[in-house]
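I opened my notebook to get to know a structure that was new to me. Here is what I looked up, in the order I looked.

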Amino acid sequence: MLYIHNLGFPRIGAQRELKFALEDYWQGDLSAEALQSRALELRDTHWQQQRDLDWLPVGDFSLYDHVLDASALFGNLPIRACAPGVNPLSHYFRSARGRDPLANHLPDCKPAKMTKWFNTNYHYLVPEFDANTQFELHSQSLIQQVQRARQQGYLAKPVLLGPLTYLASGRSTDNTSVLAHLDSLLVQYSTLLQQLHRLGVEWVQLDEPILCTELDGEWQMAFRYAYQHLNNLPIKRLLTTYFGTLGDNRSLIASLPIQGLHIDCSHGPDDAHWAADCLPDTVTLSLGVVDGRNVWRCDVNALLQWLQPLYQQQNRDIWLAPSCSLLHVPHDLTLAQDLPDEVRQQLAFAVQKLDELVHIKQCLLAPDATQAATTSTTATHPTPRWDDALLQRSKPVNQRRALQQARLNLPVLPTTTIGSFPQTPEIRALRHQFRQGAIDDHAYERGMQDYITECIRQQEQCGLDVLVHGEPERTDMVEYFAEHLDGFAVCRSAWVQSYGSRCVRPPILHSDVQLPAPITVKWAHFAQQLTDKPIKGMLTGPITLLNWSFVRQDRPRWQVAEQIALALRAEIGALEQAGIHIIQVDEPALREGMPLRQSAHSDYLAWAVASFRLATSGVADSTQIHTHMCYARFEDIGDAIDAMDVDVISLETARLDAQQLKQIANLPVRAQMGCGVYDIHAPSVPSVADIERRISLLLVHLDAQRIWVNPDCGLKTRQWPQVRPALANMVTATHAWRRQL
Ligand code: GLN
Ligand code: ZN
């Protein structure tokens, strides 16, 4: 038999309804009951939108995060977030955000750590374990959802995070092994599965995406042990793997007692063929044939070429699904009216992806029925040919230094910022009016220039050495460039959840990337003629533009990165021509593009670094290239960072301890280091003494000649009354040190 199902649906709402409900609730403007009932309505709507499926995922909806939901389900929210007599909803939100309106009498607590969900841009809340961890099942809400779905006539398939992925996503706060908790966790899973079985549930989905990563012997054994443990239960278990291929884990998976296996087919049909050939017919095969990580329509003809024969040879049940939860794509394409038709025709968002499943099922059942026209992305310009000389600056970094210093004449411990200044309501309003056509080019530019003038004046008053224009024209560091480069489209309603109520709008990179006209030059040039201090030009790098967009699939990623790099290379050349001799190319997403498997890291890093160099190596040796990478997490990729061959790299170092700083200092990186000396995420103003202490710590580990002083990251989310004194204190502290050196 052939069935279609879904692994998970976007939760935030087509119009971000959940976001607004949550934020109203957190503000105290919406009661907990009203929040719950809006969530219920939204869930019902989402079920409606999945009504064509044979099996409905239930329990994938979340008020904040599905990993936090698992922690709540198993009674493993951090103790500090909980208090007797307090509504469980408060425990939940206190775990996520440190506070909750229903528990205003409690002091704020430290929220759980947030980190990236595998190789996606979704952030989850990290479960915590320690020797005192005791699980306790709170399955009421899940059970109610299952009952409700059944009342509404759906065949409900509860979605659970698998026990091993749950443990692997967490961290132990006392150095005990997370696997030490497997036994007691399995007791809860067993009870839960029994409860679900008693409700009449036939299938349960157990998400184990860690099966697409490399697993050592201990974890493989834990898998065997855990699934053996769950084997005594009468409910059928669909083990879902996604975000990659099975690789070496195939034989492990074949040894597990499961009734169904889901495979992510967006990386090719090999794993599907393997499973079809090697798994017993009693195991249902769920094939993730519609890409859940991208927005392109499925090429049904190409898919059927391998799927049709596979399907016909099988005696087992086959299920078709998206490759992974649809959480990672926008909700509904019909809302995307601002996209050019020729782009929209190539796309499928969550709702459309389910339509594709229906269509693919029809094609398989009635092979002669008409098939969808093959879609193809438009590639008109071949990538210009270039040779490796374009990846090289003329001199090595150590020799470039003197040439740059001769031009810039900077003091020791130069001070600067990371680029953006506060995005005030006035600036947002100006951009909005311009977009709506309420003001003309001229008024917009004048407004921006006034703000840039103000930014320059403030920076001069603070006494900074290297200034920036402040980025007021940018809504977002990726979106702004996507709007101005050919080959990208920005869809203003295409939201994807990033964490909690926060969403991002990844641009859609649909065809060849080109620079039609310089993007940043006029702003940088305007800023430069206001001051004698050097202005640092500010760009988003090729790897970040790639990793934070939905990327066309008819070209390999390295080739697309190369196209972006060539466009940026032209922009950087134009900045240099306009008299900008310091240029920062931000790459906070370098690490995020890393493949899940270690074995693929070096390939990725090689082309990623090459694209950065292609963008930046065209400048004179006397021009200084900076990069900014936010979190300083690259113990293992120091060589790649060095290979980017920048002159200065700035990092978030303000919260690092001495040990971590030492690690950074010992990386095999020759560039100067712009060290964050205060945390911009906190709203408080750092004192001169705080910053002096921070600098003294830097001086222990790094040669003074290598250090730049800056805040941790951009200041766009801060407000002027904090930014002004913070920067002034940063400069004062730096001057105090300069006198002692
Ligand atoms: N230049 C950007 C800014 O200051 C950098 C932001 C980032 O790397 N996250 O906002
Ligand atoms: Zn940053």
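My entries go from the whole chain to single residues.

**Entry 1: confidence.** I began by reminding myself that this is a predicted model. The chain has an average pLDDT of 96, and 98% of its residues score at least 70. For the complex, the predictor gives an ipTM of 0.99 and a pTM of 0.95.

**Entry 2: overall build.** I looked up the secondary structure next and found 25 helices and 23 strands. Along the principal axes, the C-alpha atoms fill a box of roughly 75 × 60 × 55 Å. I then asked how the radius of gyration compares with that of a compact globule. For 741 residues such a globule would have a value near 27 Å, and the chain has 27 Å, so the two agree. Of the 741 residues, 47% count as buried. I looked at contacts too: among those between residues at least 6 apart in sequence, 77% join residues at least 24 apart.

**Entry 3: helix α1.** Which residues of α1 are buried? In this helix, residues 17-27, I noted Leu 18, Ala 21, Leu 22 and Tyr 25. They lie on the same side of α1, because they cover an arc of only 100° around the axis. The buried residues of α1 pack against α2, which spans 32-49. Just after α1 I came to Gly 28, with a positive phi of about 90°.

Entry 4: Most residues other than glycine have a negative phi, so I looked for exceptions. Phe 118 is not a glycine, yet its phi is positive, at about 50°. I found Phe 118 in the loop between β3 (114-116) and β4 (123-125). Phe 118 counts as partly exposed, because it has 17 C-beta neighbours inside 10 Å. Cys 630 also has a positive phi, about 55°, without being a glycine. Cys 630 sits in strand β20, residues 624-631. It has 19 C-beta neighbours inside 10 Å and so counts as partly exposed; a buried residue would need 20 or more.

**Entry 5: ligand 1.** How many residues surround ligand 1? I wrote down 13, the closest being Ile 418, Gly 419, Ser 420, Pro 588 and Gly 714. By kind, the shell around ligand 1 divides into six nonpolar, four polar and three charged residues.

Methods: Residues numbered from 1 in each chain as written. Chains lettered and ligands numbered in written order. Predicted model: local features only at pLDDT ≥ 70, side-chain atom pairs only at ≥ 80, totals over all residues. Buried ≥ 20, exposed ≤ 12 C-beta atoms within 10 Å, placed from the backbone. Helix = DSSP H or I, 4+ residues; strand = E, 2+ residues; numbered from the N terminus. Arc of directions from axis to C-beta. Contact = placed C-beta atoms within 7 Å. Rg over C-alpha atoms; globule rule 2.2 N^0.38 Å. pLDDT = per-residue confidence, 0-100. Near = placed C-beta within 6 Å. Nonpolar A, V, L, I, M, F, W, Y, C, P; charged D, E, K, R; others polar.
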